[in-house]
Amino acid sequence: MGFIDFLGFFLAVLVGFTMGLFGGGGSILTVPILVYLFKITPSLATAYSLFVVGIAALNGVISYARQKLVSIKAAVAFGVPSLFTVFLARGFILPALPQILLHTSYFTLTKEMGLMMFFSIVMLLASVSMIKGRKAPATADTEKPWNYPRIILQSSFVGLIIGIVGAGGGFLFVPALMFFTGLNVKEAIGTSLFIITFNSLIGFTGDLMEQSIEWGFLSLFSGLAIGGIYLGIYISQFVSPAKLKVSFGWFVLLMGMFILLKESFF
């Protein structure tokens, strides 16, 4: 195993760690790790990412569920619409995209390049959200009527992003759960992981017939991510995730800029 492989597997632990600590974010790291360190094509990397994130999130859900920090009602309200758009993206939108998206005398935009550029834009938007942050409600307000049309619209949009780029959507689900359903941050993280589990694994099943899966590699990477998610859950008892999220946001911002520049000019 070379240094690059060792670094990639070490970062797999970081993937799970961020999910356990923040309720999301691991998938933002997974695709770049797979593409740039393990040289996996973006299409296959997004499929692998869905599996890794789904399996890691499942283990996180078990831990949060034991603490009664998972809201099934909120998970259903947010999860069902997003499941539909995940299936739509993986089953119809991605396969329908041509291998050459744009061609001029100076530049050719391939499907793989387009996926990575779109992924980098998602990273940049997520990083801004992490850096700016949003003030959570002082107390949970579960009695407040839910705005179901807005919930359906937002969760459908997140599901579309998940399906296209293989990202779990945790950084979008957690604040949405808090502001639209009144869950506190711990409940929002646990519920977000629950939604991510089903979205990611169902999205991955759509790739089983289309992609050749290297199960040995995928199992090792996923196992390390699972270890990381338990570490993140443990550390979350002693540190403020909100403070760490800002630092992680700057890291994601720099990575997103790197990917966008690399795919655009190199």
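Reader: Where does Lys68 sit?
Author: Lys68 is in the loop between H3 and H4. Helices here are DSSP runs of H or I with at least four residues, strands are runs of E with at least two, and both are numbered from the N terminus.

Reader: And what kind of model am I looking at?
Author: This is a predicted model, in which local features need pLDDT of at least 70 and side-chain atom pairs count only at pLDDT 80 or more, while totals for chains, interfaces and linings use all residues. Residues are numbered from 1 along each chain as its sequence is written, and side-chain values use heavy atoms, with hydrogens and water left out.

Reader: Thanks! Back to Lys68, is it buried or exposed?
Author: Lys68 counts as exposed because its relative accessibility is 73%. The cut-offs, with a 1.4 Å probe and protein chains only, are under 20% relative accessible area for buried, over 50% for exposed, and partly exposed in between.

Reader: What about the phi of Lys68?
Author: Phi is positive at Lys68, about 60 degrees, although this residue is not a glycine. Lys39, in the loop between H2 and H3, has a positive phi of about 60 degrees and is not a glycine either. With a relative accessible area of 66%, Lys39 is exposed.

Reader: Let's go inside. Which helix holds Ser155?
Author: Ser155 belongs to helix H6, residues 148–165. Its relative accessibility is 0%, so Ser155 counts as buried.

Reader: What does the side chain of Ser155 reach?
Author: It reaches the backbone oxygen of Ile151 at 2.8 Å. A polar atom of the Ser155 side chain also lies 3.2 Å from the backbone oxygen of Ile152. A polar contact here is a pair of N or O atoms within 3.5 Å; within protein, one must be able to donate a hydrogen and the other to accept it, and residues adjacent in sequence count only if both atoms are side-chain atoms.

Reader: Which residues is Ser155 in contact with, leaving aside neighbours within four places in sequence?
Author: Those are Ala77, Phe78, Pro81, Ser82, Thr85 and Phe173. Contact means heavy atoms within 4.5 Å.

Reader: Nice. Now Thr197, buried or exposed?
Author: Thr197 is buried, because its relative accessible area is 5%. Thr197 lies in helix H8, residues 185–205, and its side chain reaches the backbone oxygen of Leu193 at 2.8 Å. Not counting residues up to four places away in sequence, Thr197 touches Gly54, Ala57, Leu58 and Val61.

Reader: How do helix H3 and H8 pack?
Author: H3 (residues 42–66) and H8 pack at an angle of about 145 degrees, with their axes 7 Å apart. The axes are lines fitted to C-alpha atoms, for helices over the stretch in contact, and angles run from 0 to 180 degrees between N-to-C directions. The contact of H3 with H8 includes Gly54, Ala57, Leu58 and Val61 of H3, and Leu193 and Thr197 are among the residues of H8. By class, that contact divides into 15 nonpolar, 6 polar and 1 charged. Ala, Val, Leu, Ile, Met, Phe, Trp, Tyr, Cys and Pro count as nonpolar, Asp, Glu, Lys and Arg as charged, and the others, Gly among them, as polar.

Reader: And at what angle do helix H1 and helix H9 pack?
Author: H1 (residues 3–22) and H9 (residues 215–235) pack at an angle of about 40 degrees, with their axes 6 Å apart. That makes H1 oblique to H9. Angles under 35 degrees count as roughly parallel, over 145 as roughly antiparallel, 65 to 115 as roughly perpendicular and the rest as oblique.

Reader: Which residues meet there in H1 and H9?
Author: Gly8, Phe9, Gly16 and Gly20 are among those in H1, and Phe217, Phe221, Gly228 and Gly232 are among those in H9. The contact of H1 with H9 has 16 nonpolar, 5 polar and no charged residues.

Reader: Last one: where is Phe118 found?
Author: Phe118 is in helix H5, residues 111–132, and counts as partly exposed at 30% relative accessibility. Not counting residues up to four places away in sequence, Phe118 touches Ile161, Ile164 and Val165.
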